[in-house]
Amino acid sequence: MAATGTEAKDLTNHHNDCFVQLSNPHIATMKEDVLYHFNLSTSTHDFPAMFGDVKFVCVGGSPSRMSTFIRYVAAELGLDHPGKEYPNICAGTDRYAMYKVGPVLSVSHGMGIPSIGIMLHELIKMLYHARCSNITIIRIGTSGGIGLEPGSVVITQQAVDECFKPEFEQIVLGKRVVRSTSLDTQLVQELMQCASDLDEFPTVVGNTMCTLDFYEGQGRLDGALCSYTEKDKQAYLRAAHAAGVRNIEMEASLFATMCSACGLRAAVVCVTLLDRLQGDQINTPHDVLVEYQQRPQRLVGHFIKKSLGRA
């Protein structure tokens, strides 16, 4: 059912004329800003012309997944046609991939906090130079669930660290800096409503634990190093569940921190590939995993359509 004019307005105009902010006074003094890992520069590219109409930014780990997503969104918005190509805007580098259709930008971020951090610094600066406003940015990805059946989608209520605290710690000039990992609560509600609209797969709102490592950092028993028992692991995961954690991944905390600091309405939507209380290794058939990975894309695609009044 199509969204009413009022609903569409509510979804897109929460922060009317809310421009991307930079928490860095030095950028204003630079004659040129080189986004090295994107192979883009303010002196060689017209950012407002290229990206000024962007309203939705979706980021995810792999280039292939984000290429698939932009084609999916193009079809959903009626912007696709036979033979249409979606070139990689960052084709001059092999670090990240970026695709665009209409008001939607799709960008890969690699794996882990260091990789997504580099990408976000340059992405946010790019949106700033393009004078973009009223941006909604959503990370779509995969994760390990805690107490959820595989294939469940988790909309992150709060990103937490390995001690279940809603904060991100970074060492800056040798000093410990701790920042909040808050996300947009209204956006969480809107996405959950979209999940109810679709009613295609189990979706929950819960905390997401962000770790710096895939193996010991997430309590796995199958890495090259392991200094704890199955009992220790189970106690830790059950404590996480008691603290509201429903999934584990490796990017949400920094994503939330940076987006919040720069005035971006942000959310994290991840599918669970397994229940970590039941095991550590992913042995689900490939075709099933592919369908699981499409679930966040379908949810976010529906959100974008509804926001634009095309659902």
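Analyst: First, the residue classes: Ala, Val, Leu, Ile, Met, Phe, Trp, Tyr, Cys and Pro count as nonpolar, Asp, Glu, Lys and Arg as charged, and the others, Gly among them, as polar. This is a predicted model, where local features need pLDDT of at least 70, side-chain atom pairs need 80 or more, and totals for chains, interfaces and linings use all residues. Residues are numbered from 1 along each chain, and side-chain values use heavy atoms, without hydrogens or water.

The second largest pocket holds about 390 Å³ of space (a pocket is an open set of points on a 1 Å grid where a 1.4 Å probe fits, with protein on both sides within 12 Å along at least five of seven lines; lining residues have an atom within 4 Å of a point). It is lined by 21 residues, and M111, T142, S143, F214 and E251 are the closest to its centre. By class, this lining has seven nonpolar, nine polar and five charged residues. Strand 6 (136–145) gives the largest share, five residues. Strand 11 (245–249) and strand 12 (265–275) each supply at least two (strands are DSSP E runs of at least two residues, helices H or I runs of at least four).

Now the largest pocket. Its space comes to about 510 Å³. Of its 17 lining residues, S23, H121, R179, M258 and C262 are the closest to the centre. Helix 4, strand 8 (167–172) and helix 7 (252–261) are the elements that give two or more residues to this lining. Nine of the lining residues are nonpolar, six are polar and two are charged.

Helix 4 gives the most to the lining of the largest pocket: five residues. Helix 4 runs through residues 113–129 and has 17 residues. From first C-alpha to last it reaches 24 Å, close to the 24 Å expected at 1.5 Å a residue (1.5 Å times one less than the number of residues). Of those 17 residues, 13 are buried (under 20% relative accessible area), so helix 4 is largely enclosed by the rest of the structure. After helix 4 comes R131, with a positive phi near 60°.

What of the cysteines? The count is zero disulfides (pairs of cysteine sulfur atoms within 2.5 Å). For C210, the nearest cysteine sulfur is that of C270, 10 Å away. C210 counts as buried, at 4% relative accessibility. For C259, the nearest is the sulfur of C262, 7.7 Å away. C259 is buried too, at 0%. C262 is also one of the residues closest to the centre of the largest pocket.

Terms used: Buried means under 20% relative accessible area, exposed over 50%, partly exposed in between (1.4 Å probe, protein chains only). Grid points are joined across faces, edges and corners, and a volume is the space filled by probe spheres set on the points.
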